[in-house]
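Colleague: Could you take me through how some of the helices in this model pack?

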Amino acid sequence: MPTQKNIREQREDWEALFLASNATLSANSRGRLVPLPPCSVRTEFMRDRDRILHCKAFRRLKHKTQVFLAPTGDHYRTRLTHTLEVSQIARTLARALRLNEDLAEAIALGHDLGHTPFGHAGEEELSDCMRRAGIDEGFSHNRQSLRVVEVLERDGQGLNLTFEVRDGILHHKKDGTAATPEGRVVSISDRIAYLNHDIDDAQRAGILGADEVPQIYREAFGNEQGERINNMVLRLLDHCAQSGDIAFAPADAALFNGLRDYMFEAVYHNPKAKREEGKARGVISGLYAYYLANPDEIPPDTRRNLEKDGLPRCVADHVSGMTDLYAIETFRRIFVPQSWNS
């Protein structure tokens, strides 16, 4: 009698039967840097999702800035809630397009693991610090996210993820092109997520009025966050069905990019939203200079890469891994005089 297939094998058969012809099948993964025996229950991309969810870098995202630095309200997005919103949109798109939902979810959950404290202000400052230290390429959170899963996690062993997930993490930014359709889904889901939740947070912060978003974008996508996301997803899926490409139709892309440009002008570059960024940059540059001058104070699990990767890179690993609160407290401990106690 034929041997009964295990749960993973049954799932792989289901993917082969029901996913689209361009979907990335778990059984056809290009594999890991270090081969692993197959799991009897989970596909390769399910295992990657679980490895990311349980890693330390994922947990730190809950205390890293999305847009607003150290907000006092409980309802502003953090890097973690952003990641979960990207994952939700990516799963919706992948399911609708009959792509591999597990692969899209794994990429989405891992795409920001290497992000700095203090959002893009922290990323820009750390990049400047690295260039001053002789690293011409500077710092980019997508490259650092890949470094986290390949080098830094699990005491230097990395998470040993599949090629497809690592590729999607590296190429999730707008200017990158992932090797899989699932990776391209995550890239556009990232943009849909941050554009919409940043409008919501800006309105919560009083930077945008309820009807201040230009009417052309409200008419195209809607007034409320859920309405906007739903309309963007539906328009995207409609064009995908017609063209086979994971992209907005040209007219919708123009509206989407116009709304993004408006957000840069009205929110991301707004003096009220940016008023603490100079202080945040000072924290990053101060910490980077300090650890560059005092490498023995870099934690041993990061310092292990010193000989191979050089001091400027190891300092960036340490500083970029900090949460906002830990960076502030470390800066205060190093640079702010403490009361003397006998």
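Modeller: Contact here means heavy atoms within 4.5 Å. Bear in mind that this is a predicted model.

Colleague: What covers the buried residues of α14?
Modeller: Helix α14 spans residues 277–293. Its buried residues include V283, I284, L287 and Y288. What covers the buried residues of α14 includes α6 (119–132), α13 (271–274), α17 (311–320) and α18 (324–335).

Colleague: How far does α14 reach from its first C-alpha to its last?
Modeller: Helix α14 has 17 residues, and at 1.5 Å a residue the expected reach is 24 Å. The model comes close to that expectation, with a first-to-last C-alpha reach of 24 Å.

Colleague: Is α9 roughly parallel or roughly antiparallel to α11?
Modeller: Helix α9 (residues 181–204) packs on helix α11 (residues 225–243) with the axes 10 Å apart and at an angle of about 160 degrees. Angles over 145 degrees count as roughly antiparallel. Therefore α9 is, relative to α11, roughly antiparallel.

Colleague: Is the crossing of α9 and α11 left-handed or right-handed, and how many nonpolar residues does the contact have?
Modeller: The crossing of α9 and α11 is right-handed. Residues in the contact include I188, I192 and L195 of α9 and I229, M232 and L236 of α11. By class, three residues in the contact of α9 with α11 are polar and two are charged, while the nonpolar ones number seven.

Colleague: Which residues of α12 make the contact with α11?
Modeller: Helix α12 (residues 250–268) packs with α11 at about 150 degrees, the axes being 10 Å apart, and this crossing is left-handed. From α11 the contact takes M232, R235 and H239, and from α12 it takes P250, D252, L255, F256 and L259.

Notes: Residues are numbered from 1 along each chain as its sequence is written. This is a predicted model: local features need pLDDT of at least 70, side-chain atom pairs count only at pLDDT 80 or more; totals for chains, interfaces and linings use all residues. Side-chain values use heavy atoms; hydrogens and water are left out. Axes are lines fitted to C-alpha atoms, for helices over the stretch in contact, and angles run from 0 to 180 degrees between N-to-C directions. Helices (H or I, at least four residues) and strands (E, at least two) are DSSP runs, numbered from the N terminus. Angles under 35 degrees count as roughly parallel, over 145 as roughly antiparallel, 65 to 115 as roughly perpendicular and the rest as oblique. A crossing is left-handed if the near helix is turned anticlockwise from the far one by less than a right angle, and right-handed if clockwise. Ala, Val, Leu, Ile, Met, Phe, Trp, Tyr, Cys and Pro count as nonpolar, Asp, Glu, Lys and Arg as charged, and the others, Gly among them, as polar. The expected span of a helix is 1.5 Å times one less than its number of residues. Buried means under 20% relative accessible area, exposed over 50%, partly exposed in between (1.4 Å probe, protein chains only).
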